[in-house]
Amino acid sequence: MWRTLHVLKAQTGRKFSSLIVNSSVGLSDDLLSFANSARKIADLEFSPKAAEWDESEIFPREALQKTAKLGFGAIYCNEDYGGSGLTRMAASVIFESLATGCVSTTAYLTIHNMCAWILNEYGSETQKEKYLPELAIMNKFASYCLTEPNAGSDAASISTTAKKVRDTYILNGTKAFISGGGESDIYLVMARTGGLGSKGISCILVEKGTPGLSFGKKEKKIGWNSQPTRGVIFEDCIVPVANLVGNEGQGFSIAMNGLNGASCSLGGAQGALEEAVQHSKVRKQFGSPLSSFQDIQFKLSNMAVSLSSSRLMVRHAALMLDDKDPKASAYCAMAKIHSTDECFEVTNKALQIFGGYGYLKDYKVQRYFRDLRVHQILEGTNEVMRMIVSRELLKD
């Protein structure tokens, strides 16, 4: 841990010009060091190449591995297995800062970290020793396989099966919309080992190259283009029983606990707001800069309010996760709803401020807009998040 801290503190990113949208407000010295280091990577490594990654659909392995050198490959995993031993709050701050440079690439990093954490939290000692050190330095990449063609929001209805035969599981079924599909080396697969419903689901690790594992076509997406999305197909795919992560029937619980927050939305909105503020100062219409018009001033003010309130909710939820608060899931759901809705609107308003230029791929705001839209859908749609919140509200 001390090596990671030393490296991170030695590198600082640029400071934000506006105090009211400064993501460093309220952070401890250590958290500020992590944020600054991540912002430096975002500014120097992600941002200059993000347009090319997006346009050419490049999966930036080397750039991701550079983040791992700062300890970002297994942020909230145990140091005994190569992790950084940090908190969910630290992870949120890091992901937010990285996402200002490339939301899509950072989003994949959050998934990789989630997979590492699942192994750290639920895996056997053998699994931890074998996989976590390689995941931490990102010599190996990981993907999370829950969604299916006919099981999206209704995750408990998955139909992929893992039949136990002596000392093996035989997997059959198809997963859909898997980030990193075909590129990742390790797949954490939610499969049905028991009866119907959530209690029949288990988590099983499958390595790339296992006979019976194949991948569908690479999907063409609106955003998130620096990470491939494919179907993951299992046809009599045989893995050892030792690849079971946690206990049989624990998979749905693992899946729900593993889902990340909305930190990437914060970073994308921060980047979009910074771009909009700067543009409003230099772009002139009717002989005056856009920033002199009250309509633009009010738009920017509303964007700042949306971003700041979202940041507070996400960080509050992260603290509750760190404290293992039993109410954390409801607060995470509220944070996800608010931040992904509001931060997407920040990017929408930023694009409007840019006018016709915002619709050109020469400018970053359109990429923030495209990349943030999917956050209202993935990791449980915002409609499902509202169901979670209402269920908590209506408990006796």
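This is a predicted model: local features need pLDDT of at least 70, side-chain atom pairs count only at pLDDT 80 or more; totals for chains, interfaces and linings use all residues.

Let me begin with Lys 327, which is partly exposed at a relative accessible area of 44%, where buried means under 20% relative accessible area, exposed means over 50%, and partly exposed lies in between, using a 1.4 Å probe and protein chains only. Its partner in a salt bridge is Asp 325, with 3.3 Å between the closest N and O atoms, and Asp 325 is also partly exposed, at 23%. By salt bridge I mean a side-chain nitrogen of Lys or Arg within 4 Å of a carboxyl oxygen of Asp or Glu.

Residues are numbered from 1 along each chain as its sequence is written, and side-chain values use heavy atoms, with hydrogens and water left out.

Over the whole structure, the search finds 20 salt bridges. One of them joins Glu 148 and Lys 175, with the closest N and O atoms 2.9 Å apart; this pair links distant parts of the chain, 27 residues apart. Are these two residues buried or exposed? Both Glu 148 and Lys 175 are buried.

Another salt bridge, at 3.7 Å from N to O, brings together Lys 361 and Glu 55, which lie 306 residues apart in the chain. Here Glu 55 counts as exposed, at 53% relative accessibility.

Finally, Arg 39, Asp 43 and Glu 274 are linked in a network of salt bridges.

Terms used
Helices (H or I, at least four residues) and strands (E, at least two) are DSSP runs, numbered from the N terminus.
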